[in-house]
Amino acid sequence: FNTNGTFTAPKSGRYHFAAAIRVLGTGGLATGYQIRFNTTGGLIVGGQGVPSLGSGYFTATCSAYINMTTADTCTLQIQLSGMAGDTADINGDISVTYFGGTLVC
């Protein structure tokens, strides 16, 4: 990973990616979410659902196996729906928000 959160494949192979994102400040307006792995080869949906907002925040998790070649990149995105252009915050504490990739074969 570099400092802006981009994973670059050191060699070709199949990678397992896992992520969790804690989202705050939606004001109970978010009606859905989608987490995507943005790779050199295109967008891959890792997870989607309806947030549980009883406590004012929710944590979205996902994972995916992605074939990559040397120097391909992967970043993580989350999109919220139902908020009419409002914004939300992401909790940056690594115990609740993380993104990682591992070569599996």
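Keep in mind that the model is predicted. Across the protein the average pLDDT is 87, and 91% of the residues score at least 70.

**The sheet**

Four strands, in the order S1-S6-S3-S4, form an open sheet with antiparallel pairing. Which strands stand at the edges of this sheet? They are S1 and S4: each has a single partner strand, so one side of each is left without a neighbour in the sheet. As a general point, the strands of a sheet pair through backbone hydrogen bonds, either parallel or antiparallel.

Here are two of the pairings, side by side:

| Strand pair | Bridges | Residues facing each other |
|---|---|---|
| S3 (residues 32-39) and S4 (residues 42-49) | 7 bridges | Phe-37 and Ile-44 |

Follow the chain from S3 to S4 and you will meet a hairpin, which joins the two strands through 2 residues.

**The core**

Some residues from the table turn up again inside the protein. The largest nonpolar core has 18 residues, and those with the most contacts inside it are Phe-7, Phe-17, Phe-37, Met-68 and Cys-74. Strand S2 (13-24), S3 and strand S5 (57-68) are the elements that give two or more residues to this core. S5 gives the most, with 6 residues. In soluble globular proteins, nonpolar side chains tend to be buried together.

Leaving aside residues up to four places away in sequence, Phe-17 touches several others, among them Phe-7, Phe-37, Met-68 and Cys-74. Its contacts also include Phe-99, Gly-100 and Gly-101.

**A residue on the outside**

Now turn to Asn-67, which lies in strand S5. Is Asn-67 buried or exposed? Asn-67 is exposed, because its relative accessible area is 57% and the cut-off for exposed is over 50%.

Which residues does Asn-67 touch, not counting residues up to four places away in sequence? They are Gly-13 and Arg-14. With Arg-14, the side chain of Asn-67 makes a polar contact, side chain to side chain, at 3.1 Å. Tyr-15 shows how the fold brings parts of the chain together: Asn-67 and Tyr-15 are 52 residues apart in sequence, yet 6.2 Å apart in space, C-alpha to C-alpha.

Definitions and conventions:
Residues numbered from 1 in each chain as written. Predicted model: local features only at pLDDT ≥ 70, side-chain atom pairs only at ≥ 80, totals over all residues. Heavy atoms only, no water. pLDDT = per-residue confidence, 0-100. Pairing = 2+ DSSP bridges. Core = buried A, V, L, I, M, F, W, Y, C linked by side-chain atoms within 4.5 Å. Buried < 20%, exposed > 50% of the residue type's maximum accessible area, 1.4 Å probe, protein only. Contact = heavy atoms within 4.5 Å. Polar contact = N/O pair within 3.5 Å; in protein donor to acceptor, adjacent residues only side chain to side chain.
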